[in-house]
Amino acid sequence: MTTYSLADVRAACKARDAWWTVLLVDPIACRLVRWAAGRTSITPNQVTGLAFVLGVCAAICFSVGEWGFLALGALCFHLGFIADCVDGKLARLKGNGTTFGLWLDFSLDQVRLVMCSFALSFGLYRQTGRVEAAYLAAVIIAFDLFRYLNGPHMAKVRRAMRERLVAAMTAAGDSASAERLAERQAEEPDEPEEYGVELRQRAKEGLQSGFRSRFPWYLRAREMLLARRIRTHLFSGIEYQMAVFVVGPLLGPGAVPYTVAVAGGLLMLFESALVYKLWMSTRDFKRTMRRLAVKAEKAERRAAREQRRVGTPSVG
């Protein structure tokens, strides 16, 4: 079998990830991936199945409702998340990931979330007898659903702005910048942080200049976090689920509803920050498009003058 080093495994990690993953999961997951890739024939899909089994074990423990079982459920849930991180790293390291594997990983993640939400709600109802506990699952899922729906829609808006900028840059005669932007979009179409920097540095036009001029400390904080592979969206779906299914159960049955409320509030706060950032980007986008339209008009007039000067009939 091929021998892999830790450096090889780290190279297969995402360039940016949640701080929970980078600080609390990757130190373990990377070593597990190195062992699994070098000494076993286990496939990423098999690891995905193991992660789901651990999620089922967590749900069973949560359904009991007693603190000891809640703590055991939290341990199973976190071990399942570690396995969920291992499968992706293993697929990227060995190059044996499949489209079906992506679908399987995503689908089982959603099943695990729903299953653990209802199990935790049921366990708290059994333990406390309070009717409100029965509605906890709906609250947990609703917070995560908002995050799930918000992210892809914002990515769609960003993608549309990029495509229009490519066309506008080409029309303005800045084909080199347009080509670089198109390549960037093809490589990382859904990244929430980078495209404004790319436009400002490469195409001399920024979609986030308004946000960064209003919050000058953002770039410094961002560079510090990215140097450690930590993305600036500090409370995402990963941190939310870890708070609900790991931190809350470890604190005990009485703390779970409060943990859900705090985690949900933080999730909404950071999602709102992303929405605000996108709104400011759309304003910068409009200004950029107006400038590019002026440049395109000037480029057309220059081309027409050049054609008249050399005696070539103007086309169109």
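In which helix is the place of R31? In this predicted model, R31 lies in helix 2. A positive surface patch is formed by R31 together with R10, R34 and R39. Helix 2, which spans residues 19–39, supplies the largest share of that patch, with three residues. R31 counts as partly exposed because its relative accessibility is 46%, which lies between the limits of 20% and 50%.

Helix 4 covers residues 67–94 and contains 28 residues. From its first C-alpha to its last it reaches 40 Å, close to the 40 Å expected at 1.5 Å a residue. G95 follows helix 4 and has a positive phi, near 70 degrees.

Nine salt bridges were found in a search of the whole structure. One of them joins the side chains of K89 and D26, at 2.8 Å from N to O. This pair links distant parts of the chain, since K89 is in helix 4 and D26 in helix 2, 63 residues apart. K89 is buried, with a relative accessible area of 3%, and D26 is also buried, at 3%. A network of salt bridges links D26 and K89 with R229.

R287 is partly exposed at 32% relative accessibility, whereas D284 is buried at 1%. R309 is exposed, with a relative accessible area of 61%, while E306 is partly exposed, at 39%.

Conventions:
Residues are numbered from 1 along each chain as its sequence is written. This is a predicted model: local features need pLDDT of at least 70, side-chain atom pairs count only at pLDDT 80 or more; totals for chains, interfaces and linings use all residues. Side-chain values use heavy atoms; hydrogens and water are left out. Helices (H or I, at least four residues) and strands (E, at least two) are DSSP runs, numbered from the N terminus. The expected span of a helix is 1.5 Å times one less than its number of residues. Patches are made of residues with over 30% relative accessible area and no salt bridge: like charges are joined within 9 Å, nonpolar side chains (Val, Leu, Ile, Met, Phe, Trp, Tyr) within 5 Å. Accessible areas come from the Shrake-Rupley method with a 1.4 Å probe; for residues, only the protein chains shown count as cover. A salt bridge is a side-chain nitrogen of Lys or Arg within 4 Å of a carboxyl oxygen of Asp or Glu. Lys and Arg count as positive and Asp and Glu as negative; His and the chain ends are not counted. The place of a charge is taken as NZ of Lys, CZ of Arg, CG of Asp or CD of Glu. Buried means under 20% relative accessible area, exposed over 50%, partly exposed in between (1.4 Å probe, protein chains only).
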